[in-house]
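Colleague: I would like to go through this structure with you slowly, asking at each step what a term rests on. Could you put it up for us to look at?

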Amino acid sequence: MARYAVNDRAVERARALIAARQYVLDSQWGDVQPGTEAENAYLASHSYEEYGDWFLGLTEGPADDTKARYAFVYGDFRRLHRSGLIACHYRAAEWRHKEVELAAHDLLQLLDGTSA
């Protein structure tokens, strides 16, 4: 099973998006989660560092300049999605990636406290 570390840059990016109110509270994650086409389009005009800012997990092993390095996407490359944080939290909990699970949980609590 893959191992993941928390992507601190992504956590900070998510916090900044929440503070700037750049989020969507009600979306169907399956409909808005970026797919391969959206990822490739983003990478056509952004660096891997910027790309990685949208993923809460760093896969241990792959190089930083590969899509395989990044996991647990939480937004659509424009805004943070509450449903994306929930998906990250659920998936990390399901596969026992505790650090990523807790990072997603903390961001979800921050978002809910900010948007209330």
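Modeller: Let us begin with a definition: a residue is called buried when its relative accessible area is under 20%, exposed when it is over 50%, and partly exposed in between. Please keep in mind throughout that this is a predicted model.

Colleague: Why is Ala38 called partly exposed?

Modeller: Ala38 is found in helix H3, and its relative accessibility is 33%. Buried would require a value under 20% and exposed a value over 50%, so Ala38 at 33% counts as partly exposed. As for its place in space, Ala38 and Asp76 are 38 residues apart in sequence, while their C-alpha atoms are 8.5 Å apart.

Colleague: Why does Glu101 count as buried?

Modeller: Glu101 lies in helix H6, and its relative accessibility is 12%. Because the cut-off for buried is under 20%, the 12% of Glu101 places this residue among the buried ones. Leaving aside neighbours within four places in sequence, Glu101 is in contact with His89, Ala92 and Ala93.

Colleague: What makes Arg69 buried or exposed?

Modeller: Arg69 sits in the loop between S3 and S4, and its relative accessible area is 17%. The limit is again under 20%, so Arg69 with its 17% is buried. If residues up to four places away in sequence are not counted, Arg69 touches a run of residues that includes Gly57, Leu58, Thr59, Pro62 and Asp64.

Colleague: How do you know that the side chain of Arg69 makes a polar contact with the side chain of Asp64?

Modeller: A polar contact needs a pair of N or O atoms within 3.5 Å, and the distance for the side chains of Arg69 and Asp64 is 2.8 Å, so this pair meets the distance condition. Another polar contact joins the side chains of Glu49 and Arg9, at 3.5 Å.

Colleague: What makes S1 and S3 paired strands?

Modeller: Two strands pair if at least two bridges are found between them; S1 and S3 are joined by 3 bridges, so they pass that test. They run antiparallel, with Tyr4 having Thr59 as its bridge partner in S3 and Ala5 standing opposite Leu58. S3 and S4 are likewise joined by 3 bridges and run antiparallel, and here Leu58 stands opposite Tyr70 in S4.

Colleague: Why is one side of S1 and of S4 left without a neighbour in the sheet?

Modeller: The 3 strands form an open sheet in the order S1-S3-S4, with antiparallel pairing. S1 and S4 stand at the edges and each has a single partner strand, so one side of each has no neighbour in the sheet. Neighbouring strands of this sheet are turned by 35° against each other on average, direction ignored. Helix H6 lies across S1, S3 and S4, at about 35° to S1, and S3 is mostly covered, with 5 of its 5 residues buried.

Colleague: How do you know that the span of helix H5 is close to what is expected?

Modeller: The expected span is 1.5 Å times one less than the number of residues. Helix H5, residues 82-94, has 13 residues and reaches 18 Å from first C-alpha to last, close to the expected 18 Å. Ser83, Gly84, Leu85, Cys88 and Ala92 are buried in this helix, and what covers them includes helix H2, strands S3, S4 and S5, and helix H6. After H5 comes Arg96, with a positive phi near 60°.

Colleague: Which residues have the most contacts inside the largest nonpolar core?

Modeller: That core has 32 residues, and those with the most contacts inside it are Trp54, Leu56, Phe72, Tyr74, Leu80 and Leu85. Two or more residues come from each of S1, H1, H3, S3, S4, H5 and H6, and H6 gives the most, with 6 residues. Leu85, with residues up to four places away in sequence set aside, touches Leu56, Tyr74, Leu80, Ala104, Leu107, Leu108 and Leu111. In soluble globular proteins, nonpolar side chains tend to be buried together.

How values were computed: Residues numbered from 1 in each chain as written. Predicted model: local features only at pLDDT ≥ 70, side-chain atom pairs only at ≥ 80, totals over all residues. Heavy atoms only, no water. Helix = DSSP H or I, 4+ residues; strand = E, 2+ residues; numbered from the N terminus. Buried < 20%, exposed > 50% of the residue type's maximum accessible area, 1.4 Å probe, protein only. Contact = heavy atoms within 4.5 Å. Polar contact = N/O pair within 3.5 Å; in protein donor to acceptor, adjacent residues only side chain to side chain. Axes fitted to C-alpha atoms, helices over the stretch in contact; angles between N-to-C directions. Core = buried A, V, L, I, M, F, W, Y, C linked by side-chain atoms within 4.5 Å.
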